[in-house]
Amino acid sequence: MAYKITDSCLKCGICIDECPEGAIVVDEQVTDFDGLNLYTTRIDPDKCTDCGVCVSHEWWCPAKAIVKA
Ligand code: SF4
Ligand code: SF4
């Protein structure tokens, strides 16, 4: 797997539905004091095809937290 999610992740969850392979999965979902849902995500190496879409379309991730490993 050539891509990873870094600590700059804002936990917004946008990437979960955007990965064409469904490889970005939720490890934990919490609701903060403002009622906002926060998602701890990771890339599942068994599903990720290293397509690179998650880094070529930077608008996916507001924090640009997905990078080439
Ligand atoms: S490289 Fe492709 S398959 Fe892997 S997480 Fe990114 S968009 Fe999904
Ligand atoms: S889109 Fe970016 S900031 Fe939002 S959960 Fe995914 S990796 Fe984190």
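The model examined here is a predicted one.

Strand E2, spanning residues 24–31, pairs with strand E3, spanning residues 37–43, in the antiparallel sense, and 7 bridges link the two. Within this pairing, Ile24 is placed opposite Ile43 of E3. The hairpin of E2 and E3 has 5 residues between the strands, and Gly35 adopts a positive phi near 85° in this hairpin.

Lys11 has a phi near 65° and is located in the loop that runs between strand E1 (3–5) and helix H1 (14–18). Because its relative accessibility is 33%, which falls between the limits of 20% and 50%, Lys11 counts as partly exposed. For Lys64, which is likewise not a glycine, phi is positive at about 50°. Lys64 belongs to the loop between helix H2 (53–56) and strand E4 (66–68).

Two ligand surroundings were examined. Ligand 1 is surrounded by 13 residues, of which Cys19, Cys48, Cys51, Gly52 and Cys54 are the closest. The shell around ligand 1 consists of 9 nonpolar, 2 polar and 2 charged residues. Around ligand 2 there are 13 residues, and those that come nearest are Cys9, Leu10, Cys12, Cys15 and Cys61. In the shell around ligand 2, 10 residues are nonpolar, 2 are polar and 1 is charged.

Conventions: Residues are numbered from 1 along each chain as its sequence is written. Chains are lettered from A and ligands numbered from 1 in the order in which they are written. This is a predicted model: local features need pLDDT of at least 70, side-chain atom pairs count only at pLDDT 80 or more; totals for chains, interfaces and linings use all residues. Side-chain values use heavy atoms; hydrogens and water are left out. A residue is near a molecule or strand if one of its heavy atoms lies within 4 Å of it. Ala, Val, Leu, Ile, Met, Phe, Trp, Tyr, Cys and Pro count as nonpolar, Asp, Glu, Lys and Arg as charged, and the others, Gly among them, as polar. Two strands pair if DSSP finds at least two bridges between them. Helices (H or I, at least four residues) and strands (E, at least two) are DSSP runs, numbered from the N terminus. Buried means under 20% relative accessible area, exposed over 50%, partly exposed in between (1.4 Å probe, protein chains only).
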